[in-house]
2 protein chains.
Amino acid sequence: MGTQTQSNRYEYQIKLAGGTIRYVPLRSPEGESTGCVSGNDWNIDIEELEQAITPQTKMIYLNNPHNPLRKVFTRSELTAIGNLCVAHGLVLLSDEVYERIVFPSESPTSRNVPHTRVASLSPEIAAHTLTAISLAKLFNATGWRVGFIVGPEELMRPVIGTHLVLAYSSSGPAQDACVVGLREAERIDWWSTNARDVGARVGKLCHTLDKIGLTYVAPPSAWFIFIRIHNIMLPEGYKYFPLVVSHGSQDWKVCYFLVHEFGISCIPGSCFYGPENKALGEQYLRLGACKSDDGLDLAARRFERVRPYIRDI
Amino acid sequence: MGTQTQSNRYEYQIKLAGGTIRYVPLRSPEGESTGCVSGNDWNIDIEELEQAITPQTKMIYLNNPHNPLRKVFTRSELTAIGNLCVAHGLVLLSDEVYERIVFPSESPTSRNVPHTRVASLSPEIAAHTLTAISLAKLFNATGWRVGFIVGPEELMRPVIGTHLVLAYSSSGPAQDACVVGLREAERIDWWSTNARDVGARVGKLCHTLDKIGLTYVAPPSAWFIFIRIHNIMLPEGYKYFPLVVSHGSQDWKVCYFLVHEFGISCIPGSCFYGPENKALGEQYLRLGACKSDDGLDLAARRFERVRPYIRDI
């Protein structure tokens, strides 16, 4: 069972293992229709989560900070989710790969939430939790493919067994580099420096969106911005790629229009929802700020050209 | 269905996917009891292989050059195996990760067999074959975890789908390094230079074994030597680790004795056979020559100390 929005990779891994996944969506705050809100203001309904548990349920998958909203879950939300796992005897797989890239400053519309490892909340929750960490992601080097999972011995045993057979190990030199990185990070205050730097990049891209009148979910943590598309006016009679037309929804059409006409590449918001909740994502696109300063300047110039297609709000 | 001896990783992968594996062993040549033979003289019985095929069989797994015998299969052996797959509609997964580290010179006891990609033998065989290549292994950098699989589109589709979900990608920097490696290898004649260098290291270790009176399967390709243990005399009343005693067989005991008393680390030969053929491996250990010159000199000094436990043959 997964909390959405999130990457669809897990869905296919669960299918490969013969399981099925049920999604419980995060929803935008009541009354939010056009303005900028924070990802932290999106909420999961804990009752809905509990009602989705069946006797077949084995695991709840949680992504915190969350992709693509970048929501950082509060201690009380995490306690509620953790206690559900304890009460129902479920494994909690907590994907916390961006735990160290939470922005320090409070945005005007946002509650500032520090990141909490759910496994730290109580010994009972810890006994049910596997925490996934990505060193590659924390060091802004996703492609290095180095990470680890921590958890109690009995939950780790099948993880180790499966990992040994499927992946065996990640790249040795990249592991060595990450060991040095971990050793040096505290000494040179890398974690907070990097969080500030990532925050500045994301802020720069948000500023670009503000200028041309696009609203978005203000991200409280690393790299991604969920953009609202309700006021992007697509030209009438525009010719889309057949695949885009077959998907039908507005988010796919806007993505195609942006990449094809302006060289701005996004991911349709509905990609982050399962089939039953797709409609929740159709008014959004995911944009990434993981670019150089030059790249972000180029993005600003390209978005400037999108302005004629944006209706004032 | 797998041709043995071989690594047990495949067995567990097949089990994870809900399948079962049947092994068809390679056997030492008739009359070989004490002397050194070549890995190329070990044979697979093609009739036995065909008889092991059932209506449930989906795939034959072949390792060429073979681990740990280092046998390089002949064109006629490969043609027979490939044609079996064509006749029975099976996928042939040909693990050829050491294809470029085949020794150039003929050993006294060996037929010199050049490596042939089984998929190159006929269009029909190619249509049934997936060929696995490891760039990391070819560049003596196993821990870099870079490799690829080639095959016809319809066989590759499930490979790509599964890879994307389970591994997604290998380390980016290591991939970049391998691209440079491939580009430079031809220019600086790396493939044959490296095969000669690996051959020299293996030869040095074989010479150490010759000097103290241990016989072995002379390896026609990279890195590993299958040592015979029939004339290693273990001290009476020697105390083994409980795990070793529970495995019971002589190969486990000799391995423990060698690592514990002399710091020589090997793998028991029976580890390379499935349960039904374990006895075929119990008279062997696998030793690796993937060491620096200093490491090989140290090995020579340590093996010298083993001599009192070796009976003349």
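Good morning. In this model, 19 residues from chain A and 19 residues from chain B make up the contact, where contact means heavy atoms within 4.5 Å. The model is predicted: local features need pLDDT of at least 70, side-chain atom pairs count only at pLDDT 80 or more, and totals for chains, interfaces and linings use all residues. Residues are numbered from 1 along each chain as its sequence is written, chains are lettered from A in the order in which they are written, and side-chain values use heavy atoms, with hydrogens and water left out.

I turn to the area. About 1500 Å² is buried between chain A and chain B, with 65% given by carbon and sulfur atoms; buried area is the accessible area (1.4 Å probe) that two parts lose on being put together, summed over both. Arg9(A), Arg145(A) and Val165(A) supply 35% of what chain A buries against chain B, more than any other three residues.

On the side of chain A that touches chain B, the elements giving two or more residues are helix 1 (9-16), helix 6 (153-166) and helix 7 (172-187) of chain A. Helices here are DSSP runs (H or I, at least four residues), numbered from the N terminus.

Finally, the symmetry. Chain A superposes on chain B through a rotation of 180 degrees with 0.0 Å of shift along its axis (RMSD 0.0 Å), by least squares on the C-alpha atoms of residues with pLDDT of at least 70 in both. That is the relation of a two-fold axis. Within chain A, Ser171(A) comes closest to the rotation axis, its C-alpha at 3.1 Å. The copies meet through the same surface, because 100% of the interface residues of chain A are also interface residues in chain B.
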